[in-house]
Amino acid sequence: MKAPLSSSSTSSSGATFCSSISKKARFSPLLLALALFLLCFSFLYGEDLKELLGRQAQVASQLIINSNSSRNNGGDEQPAAPPPEVAEEGKTKRKWHGRLAFALNDDDEDEGCDVFSGSWVRDDAAHYPLYREEDCPYIHPQLTCQAHGRPDTAYQRWRWQPHDCTLPAFDAARVLEALRGKRMLFVGDSLGRGQFASMVCLLQSAIPDAGARSFRMSPDQQHTVFAAGDYNATVEFYWAPFLLESNSDNAVVHRISERMVRRGSIDYHGRHWRGADVIVFNTYLWWCTGLRFRILNRPWESAGTEEAVTWVSTEEAYGMAFRDMLQWVRDNMDLNTTRVFFTSMSPTHQKSQDWGDAPGGNCYNETAMISDPGYWGSDGRRSVMRVIREILDGDGADVPLTFLNVTQLSMYRKDAHTSIHKRQWSQPTAEQLADPKTYADCVHWCLPGLQDTWNELLYSKLFYP
């Protein structure tokens with residue numbers, strides 16, 4: 001029988017074995033640190049890494065497809081950009097596709113003409129004005145320049161001529177027939193009310209029987225309705241200068257310096273717009289009180305508390321209202337049977353130095369338009385126009401809104417404002433009468449006049465989008 005191993009022998013061989021394993025399993029400190037780093041990284045950022053790799057694979061796949069397509073086409077075409085959902089995730093929506101309601105042109109008809117790019121042409125062939133001031137009893141006294149002493153009429157005799165096409169002649173009977181059994185609604189401020197009055201004057205000429213038309217205004221002057229009885233059609237105006245609920249919603253008393261809108265309140269006014277078949281929105285001038293704007297985040301009872309109000313940039317506030325308007329359209333309008341328009345910002349002419357005259361003047365006594373085709377007044381906030389474009393090209397692309405870009409063509413028309421030839425809200429003082437430019441209105445437009453052209457463009461886009 002073999003003698004048992006001695007304790008010393010066992011200890012020695014065990015030590016040798018352990019030493020051998022130790023030598024075989026020893027790791028470099030750098031490798032150990034790297035392993036620990038990878039383990040922590042995968043634990044913390046595994047999902048983000050997975051998403052990033054998946055996205056890169058999708059882009060790479062798209063580029064491979066485009067590259068193959070380019071080779072098949074002789075290699076002349078540049079690879080296409082990644083699809084919108086990759087390039088602008090969460091920002092770009094699929095553009096609305098379909099036939100617009102009321103459209104008369106064929107789907108394949110050339111739509112390349114920009115009717116908003118053109119020049120003003122003098123029309124002495126008795127085509128303009130399209131109606132006479134004295135023949136339309138529906139013009140607000142704020143806009144009846146001839147009745148309030150304006151001596152010239154040249155501002156009425158200009159026609160807008162696009163560079164690459166001709167505007168179709170406004171056909172009042174066609175509009176009324178298209179609106180049979182329907183509602184056309186203008187929503188916005190007093191400039192929207194002027195466009196509404198222009199449309200009513202253009203249409204009423206096709207309804208010679210005064211008994212077949214009516215005009216009524218709500219006691220608070222918020223809602224005005226022109227009805228064409230034989231057509232069961234209405235053309236309406238609703239006062240909502242910010243579209244959202246605001247502290248300027250009183251249609252009569254609304255001269256408030258510290259303006260404010262309530263966040264998420266589009267339905268406050270929007271409940272009155274439901275059922276309209278054609279809506280024309282406008283909102284701009286009321287936002288221009290400075291670089292920042294006040295937003296109320298709670299009910300009006302909290303308006304006096306500091307924590308209920310947020311100050312944001314004017315552009316951010318305007319964008320909020322514009323997006324809310326688009327969401328209201330999505331929720332309340334059948335885009336296959338109705339139409340929505342937005343009239344761009346209407347310029348003012350408050351600073352004569354903008355068009356090269358001596359400082360201190362404005363639109364008062366101006367009877368000629370601005371001839372510089374590149375003119376842009378200092379009151380025109382391009383930043384607001386950019387907000388609209390970014391939304392319509394991004395998260396608002398799914399709404400088929402027709403943008404009536406009347407800003408540039410109106411910039412030239414310093415001659416077309418009401419100036420002092422209007423009903424005044426209060427009697428001018430002796431000092432004002434001695435210097436009339438101090439109370440000249442360089443915001444609103446005489447009717448007949450410029451806003452009839454806005455509606456000629458609306459007519460063109462309604463039937464020939």
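I took two strands to pair if DSSP finds at least two bridges between them. Helices (H or I, at least four residues) and strands (E, at least two) are DSSP runs, which I numbered from the N terminus.

**Basis.** I worked on a predicted model, in which local features need pLDDT of at least 70 and side-chain atom pairs count only at pLDDT 80 or more, while totals for chains, interfaces and linings use all residues. Residues are numbered from 1 along each chain as its sequence is written, and side-chain values use heavy atoms, with hydrogens and water left out.

**Sheet.** I looked up the bridge partner of Val225 in S6 and found Glu236. Strand S5 (residues 223–228) runs antiparallel to strand S6 (residues 233–239), and six bridges join them. I then traced the whole open sheet: its seven strands follow the order S4-S5-S6-S3-S8-S11-S12, with mixed pairing. Strand S4 (213–217) and strand S12 (401–404) are at the edges with a single partner strand each, so one side of each has no neighbour in the sheet. On average, neighbouring strands of this sheet are turned by 15 degrees against each other, direction ignored. For such angles, axes are lines fitted to C-alpha atoms (for helices over the stretch in contact), and values run from 0 to 180 degrees between N-to-C directions.

**Helices on the sheet.** I used contact in the sense of heavy atoms within 4.5 Å. Helix H5 (residues 190–204) lies across strand S3 (183–188), S4, S5, S6, strand S8 (278–281), strand S11 (339–343) and S12, at about 165 degrees to S6. Helix H7 (residues 314–332) also packs on the sheet, where it touches S8, S11 and S12 and makes about 165 degrees with the direction of S11.

**Pockets.** I searched a 1 Å grid over the protein atoms alone, where a pocket is an open set of points at which a 1.4 Å probe fits, with protein on both sides within 12 Å along at least five of seven lines; lining residues have an atom within 4 Å of a point. A volume is the space filled by probe spheres set on the points.

The largest pocket has a volume of about 1,000 Å³. I counted 30 lining residues, with Lys95, Leu100, Leu401, Thr402 and Pro465 nearest its centre. Helix H8 (382–393) and S12 are the elements giving two or more residues to this lining, and H8 gives the most, with five.

The second largest pocket holds about 840 Å³ of space. Its lining has 31 residues, of which Arg255, Trp425, Asp441, Val443 and His444 lie nearest the centre. H5 and strand S14 (441–445) each supply at least two lining residues; S14 gives the most, with four.
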